[in-house]
Amino acid sequence: CEPASLRRISSILPESASMADVVFDFEPVALQQVDIWHESGRDALSRALGFPAPGQMGAIAEQNGIRAARLTLRRFWIIGNPPLLTLAPEDGAVLPLDQGRVSFKLPGKRARRVLPQVMAIDWDDPRAAPSRIVLSAIHRVPAAVLPLTDGQYELIVLRSFAESIGGLIAELQAA
(Lines give C-alpha, C1' and ligand atoms only; values in the text may rest on other atoms or scores of the structure.)
Protein backbone atom coordinates (compact mmCIF):
# COMPACT_ATOMS: atom_id res chain seq x y z
CA CYS A 1 0.00 0.00 0.00
CA GLU A 2 1.32 3.42 -0.96
CA PRO A 3 1.65 6.02 1.78
CA ALA A 4 -0.83 8.87 1.46
CA SER A 5 2.12 11.27 1.20
CA LEU A 6 2.94 9.86 -2.24
CA ARG A 7 -0.58 10.52 -3.46
CA ARG A 8 -1.17 14.02 -2.10
CA ILE A 9 1.10 16.69 -0.76
CA SER A 10 0.70 20.20 0.49
CA SER A 11 3.29 22.50 1.90
CA ILE A 12 3.26 24.83 4.87
CA LEU A 13 1.82 27.91 3.22
CA PRO A 14 1.24 31.54 3.98
CA GLU A 15 -2.29 32.03 5.30
CA SER A 16 -3.25 33.93 2.13
CA ALA A 17 -2.41 30.96 -0.15
CA SER A 18 -5.19 28.85 -1.56
CA MET A 19 -4.75 25.11 -0.97
CA ALA A 20 -6.50 24.45 -4.29
CA ASP A 21 -3.48 25.93 -6.04
CA VAL A 22 -0.82 23.89 -4.26
CA VAL A 23 -2.10 20.35 -3.70
CA PHE A 24 -0.73 17.73 -6.08
CA ASP A 25 -1.94 14.23 -6.80
CA PHE A 26 1.05 11.98 -7.36
CA GLU A 27 0.14 9.11 -9.65
CA PRO A 28 2.21 6.02 -10.29
CA VAL A 29 3.32 6.20 -13.89
CA ALA A 30 3.48 3.18 -16.18
CA LEU A 31 6.83 3.74 -17.85
CA GLN A 32 9.08 1.57 -20.00
CA GLN A 33 12.45 2.62 -21.38
CA VAL A 34 13.34 1.27 -24.80
CA ASP A 35 16.88 1.40 -26.15
CA ILE A 36 17.36 0.59 -29.81
CA TRP A 37 20.70 -0.42 -31.27
CA HIS A 38 20.15 1.01 -34.77
CA GLU A 39 17.48 2.99 -36.62
CA SER A 40 15.70 -0.16 -37.81
CA GLY A 41 14.98 -0.78 -34.13
CA ARG A 42 12.52 2.14 -34.35
CA ASP A 43 10.56 0.14 -36.94
CA ALA A 44 10.51 -2.84 -34.58
CA LEU A 45 9.31 -0.56 -31.76
CA SER A 46 6.58 0.85 -34.01
CA ARG A 47 5.36 -2.66 -34.77
CA ALA A 48 5.35 -3.53 -31.06
CA LEU A 49 3.40 -0.35 -30.22
CA GLY A 50 0.96 -0.60 -33.12
CA PHE A 51 1.67 3.00 -34.17
CA PRO A 52 4.72 4.89 -35.52
CA ALA A 53 7.35 5.73 -32.91
CA PRO A 54 8.47 9.38 -33.14
CA GLY A 55 11.35 10.20 -35.46
CA GLN A 56 12.50 13.47 -33.89
CA MET A 57 14.18 13.74 -30.51
CA GLY A 58 11.80 15.30 -28.00
CA ALA A 59 8.72 14.38 -30.04
CA ILE A 60 5.81 12.39 -28.63
CA ALA A 61 3.52 10.10 -30.59
CA GLU A 62 0.27 9.05 -28.95
CA GLN A 63 -2.46 6.53 -29.60
CA ASN A 64 -5.10 5.00 -27.31
CA GLY A 65 -3.64 6.62 -24.19
CA ILE A 66 -0.13 5.31 -24.87
CA ARG A 67 2.60 7.91 -25.44
CA ALA A 68 5.93 7.15 -27.06
CA ALA A 69 8.53 9.87 -26.42
CA ARG A 70 11.88 9.94 -28.18
CA LEU A 71 14.45 11.06 -25.61
CA THR A 72 17.65 10.60 -27.60
CA LEU A 73 18.74 9.12 -30.88
CA ARG A 74 18.40 5.59 -29.47
CA ARG A 75 16.24 5.93 -26.35
CA PHE A 76 12.46 6.11 -26.00
CA TRP A 77 10.08 6.24 -23.07
CA ILE A 78 6.74 4.51 -23.40
CA ILE A 79 4.26 6.17 -21.03
CA GLY A 80 0.98 4.38 -20.37
CA ASN A 81 -0.10 0.76 -20.18
CA PRO A 82 0.65 -0.96 -23.47
CA PRO A 83 0.90 -4.72 -23.56
CA LEU A 84 4.32 -5.81 -22.38
CA LEU A 85 6.72 -4.64 -25.07
CA THR A 86 9.35 -7.00 -26.37
CA LEU A 87 11.99 -6.45 -29.01
CA ALA A 88 14.27 -8.92 -30.65
CA PRO A 89 17.72 -8.76 -28.99
CA GLU A 90 19.26 -7.51 -32.24
CA ASP A 91 16.81 -4.55 -32.31
CA GLY A 92 17.01 -3.29 -28.74
CA ALA A 93 16.06 -3.76 -25.10
CA VAL A 94 13.10 -2.83 -22.89
CA LEU A 95 13.48 -1.83 -19.23
CA PRO A 96 10.49 -1.13 -16.95
CA LEU A 97 10.97 2.11 -14.98
CA ASP A 98 7.54 2.45 -13.41
CA GLN A 99 8.55 1.32 -9.91
CA GLY A 100 10.76 4.33 -9.34
CA ARG A 101 8.77 7.22 -10.81
CA VAL A 102 5.55 9.15 -10.30
CA SER A 103 3.84 11.87 -12.29
CA PHE A 104 1.85 14.90 -11.30
CA LYS A 105 0.33 17.85 -13.12
CA LEU A 106 0.94 21.52 -12.53
CA PRO A 107 -2.33 23.28 -13.26
CA GLY A 108 -3.11 26.95 -13.42
CA LYS A 109 -1.64 30.16 -14.69
CA ARG A 110 1.19 30.19 -12.18
CA ALA A 111 2.77 26.94 -13.42
CA ARG A 112 4.47 28.78 -16.29
CA ARG A 113 5.85 31.31 -13.79
CA VAL A 114 7.11 28.67 -11.35
CA LEU A 115 8.83 26.24 -13.73
CA PRO A 116 11.61 28.67 -14.82
CA GLN A 117 12.49 29.07 -11.14
CA VAL A 118 13.34 25.37 -10.81
CA MET A 119 14.49 24.43 -14.36
CA ALA A 120 16.78 26.15 -16.84
CA ILE A 121 14.56 25.72 -19.91
CA ASP A 122 13.58 28.21 -22.60
CA TRP A 123 9.81 27.75 -22.36
CA ASP A 124 9.25 29.89 -25.49
CA ASP A 125 11.34 27.53 -27.65
CA PRO A 126 9.26 25.30 -29.97
CA ARG A 127 11.06 22.27 -28.49
CA ALA A 128 9.18 22.98 -25.23
CA ALA A 129 5.76 23.09 -26.92
CA PRO A 130 2.86 20.72 -26.18
CA SER A 131 3.32 17.18 -27.55
CA ARG A 132 7.03 17.35 -26.72
CA ILE A 133 9.07 16.03 -23.80
CA VAL A 134 11.70 18.16 -22.09
CA LEU A 135 14.38 16.50 -19.98
CA SER A 136 15.96 18.59 -17.28
CA ALA A 137 16.90 18.47 -13.62
CA ILE A 138 15.63 20.03 -10.43
CA HIS A 139 18.37 20.33 -7.82
CA ARG A 140 20.47 17.85 -9.86
CA VAL A 141 17.70 15.25 -9.85
CA PRO A 142 16.41 14.21 -13.30
CA ALA A 143 12.91 15.31 -14.23
CA ALA A 144 10.86 15.09 -17.40
CA VAL A 145 8.29 17.75 -18.30
CA LEU A 146 5.47 17.19 -20.77
CA PRO A 147 3.72 20.46 -21.68
CA LEU A 148 0.05 19.68 -22.29
CA THR A 149 -2.29 21.36 -24.78
CA ASP A 150 -4.59 22.65 -22.02
CA GLY A 151 -1.82 24.79 -20.45
CA GLN A 152 -0.92 22.29 -17.74
CA TYR A 153 2.47 20.64 -17.34
CA GLU A 154 2.96 17.00 -16.42
CA LEU A 155 6.13 16.22 -14.49
CA ILE A 156 7.65 12.77 -14.18
CA VAL A 157 10.06 12.57 -11.26
CA LEU A 158 11.76 9.97 -9.13
CA ARG A 159 9.36 8.62 -6.50
CA SER A 160 11.84 9.36 -3.70
CA PHE A 161 12.05 13.00 -4.83
CA ALA A 162 8.32 13.60 -5.37
CA GLU A 163 7.53 15.04 -1.94
CA SER A 164 10.50 17.42 -2.03
CA ILE A 165 9.75 18.77 -5.49
CA GLY A 166 6.04 19.01 -4.73
CA GLY A 167 6.78 21.03 -1.61
CA LEU A 168 9.21 23.31 -3.44
CA ILE A 169 6.74 23.99 -6.27
CA ALA A 170 3.90 24.53 -3.79
CA GLU A 171 5.94 27.14 -1.94
CA LEU A 172 6.87 28.90 -5.17
CA GLN A 173 3.26 28.89 -6.38
CA ALA A 174 2.04 30.32 -3.08
CA ALA A 175 4.58 33.17 -3.15
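**Sheet, helices and aromatic pairs**

Glu62 stands opposite Arg67 in β6. In this predicted model, β5 and strand β6 (residues 66–70) pair in the antiparallel sense, with 4 bridges between them. These strands belong to an open sheet of 5 strands, which pair antiparallel in the order β5-β6-β7-β4-β8. The edges are taken by β5 (60–63) and β8 (92–96); each has a single partner strand, so one side of each is left without a neighbour in the sheet. On average, and ignoring direction, neighbouring strands here are turned by 20 degrees against each other.

Helices come next. Helix α2 (residues 40–49) lies across β4 (31–36), β6 and β7 (75–79), and runs at about 10 degrees to β7. Buried residues of α4 include Ala162, Ile165, Ile169 and Leu172.

Finally, the structure holds 2 aromatic pairs. Because Phe26 lies in the loop between β2 (24–25) and β3 (27–28) while Phe104 lies in strand β9 (residues 101–106), the pair ties together parts that are 78 residues apart in sequence. Both Phe26 and Phe104 are buried. Trp123 and Tyr153 also form an edge-to-face pair, at 5.5 Å centre to centre and 80 degrees between the planes. Trp123 lies in the loop between α3 (111–118) and β10 (134–138) and Tyr153 in strand β12 (residues 153–158), so this pair ties together parts that are 30 residues apart in sequence. Trp123 and Tyr153 are buried too.

Note on methods: Residues numbered from 1 in each chain as written. Predicted model: local features only at pLDDT ≥ 70, side-chain atom pairs only at ≥ 80, totals over all residues. Heavy atoms only, no water. Phe/Tyr/Trp six-rings, centres within 6.5 Å; stacked < 30°, edge-to-face > 60°. Helix = DSSP H or I, 4+ residues; strand = E, 2+ residues; numbered from the N terminus. Buried < 20%, exposed > 50% of the residue type's maximum accessible area, 1.4 Å probe, protein only. Pairing = 2+ DSSP bridges. Axes fitted to C-alpha atoms, helices over the stretch in contact; angles between N-to-C directions. Contact = heavy atoms within 4.5 Å.
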